[in-house]
Amino acid sequence: MAMLYNFNNVSLYSKKFSVKNPSKSPLCFIKPHSLNYHKPKVFEDKLEKGSFSLSETFSKAGLLALVSASILLVDPALAFKGGGPYGSEVTRGQDLTGKDFSGKTLIKQDFKTSILRQANFKGAKLLGASFFDADLTGAGLSEADLRGVDFSLANVTKANLSNANLEGALATGNTSFKGSNITGADFTDVPLRDDQREYLCKVADGVNPTTGNATRDTLLCN
């Protein structure tokens with residue numbers, strides 16, 4: 001009985017202890033919502049700045065991609081396009097051998113450094129166009145309006161310039177008209193080298209139907 005009593009006392013005591021002195025383990029009374037964790041302000045600032053930088057980077061990348069796409073959609077040789085109204089076709093630095101431009105309006109068109117052998121410009125309006133360093137060998141320029149055209153360094157050999165109006169055109173440098181037909185062409189105010197003028201005067205003939213000027217007179221031939 002004593003043992004039982006003792007056991008009961010212990011049991012009773014244990015019950016009292018468990019009631020009056022409950023275990024207060026920290027883990028038993030921590031509420032999940034009570035863990036109000038705040039990120040350090042420094043971390044927040046860095047995160048915010050990092051997000052902004054990343055967003056800014058993507059924005060710049062998107063803009064760059066858009067510009068690149070736009071460039072690819074544009075004619076890659078657009079930088080060489082002339083100022084004339086010849087559609088959207090590029091005429092500078094091109095091989096336009098035998099191309100037919102007859103009767104077209106090509107005011108201020110850019111033909112710099114192009115190959116225009118046997119190209120047909122009969123009756124074309126080429127006011128202020130540029131044939132700088134172009135190859136016009138055998139080209140047909142009869143009856144063309146060539147006023148103010150730049151023929152500097154151009155090869156205009158064996159071309160047909162009959163009845164063309166070249167008033168004020170440029171023909172500086174090594175421009176050559178050797179072998180060309182200049183009957184009725186008007187060379188008023190065209191600066192020519194002495195050797196070129198001398199050569200052209202030997203073959204000059206006719207009167208320009210537009211200006212009424214004799215070819216020899218416009219070349220200041222003796």
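**View 1. Overall fold of the predicted model.** The protein contains five helices and zero strands, where helices (H or I, at least four residues) and strands (E, at least two) are DSSP runs numbered from the N terminus. Along the sequence the pattern reads α-α-α-α-α. Of the 222 residues, 31% are buried, that is, under 20% relative accessible area with a 1.4 Å probe, protein chains only. This is a predicted model, in which local features need pLDDT of at least 70 and side-chain atom pairs count only at pLDDT 80 or more, while totals for chains, interfaces and linings use all residues. Residues are numbered from 1 along each chain as its sequence is written, and side-chain values use heavy atoms, with hydrogens and water left out.

**View 2. The stacked pair F101 and F121.** The whole structure holds eight aromatic pairs; rings of Phe, Tyr and Trp (its six-membered ring) pair if their centres lie within 6.5 Å, and planes under 30 degrees apart count as stacked, over 60 as edge-to-face and the rest as tilted. F101 and F121 are stacked, at 4.8 Å centre to centre with 10° between the planes. Both residues lie in the loop between α3 (41–73) and α4 (194–203), 20 residues apart. F101 is buried at a relative accessible area of 0%, and F121 is likewise buried at 0%.

**View 3. The edge-to-face pair F177 and F187.** These two rings are edge-to-face, 5.9 Å centre to centre and 90° between the planes. F177 and F187 are in the loop between α3 and α4, ten residues apart. Both F177 and F187 are buried.

**View 4. The aromatic cluster.** Ring pairs join F101, F111, F121, F131, F151, F177 and F187 into a cluster.

Key. Buried < 20%, exposed > 50% of the residue type's maximum accessible area, 1.4 Å probe, protein only.
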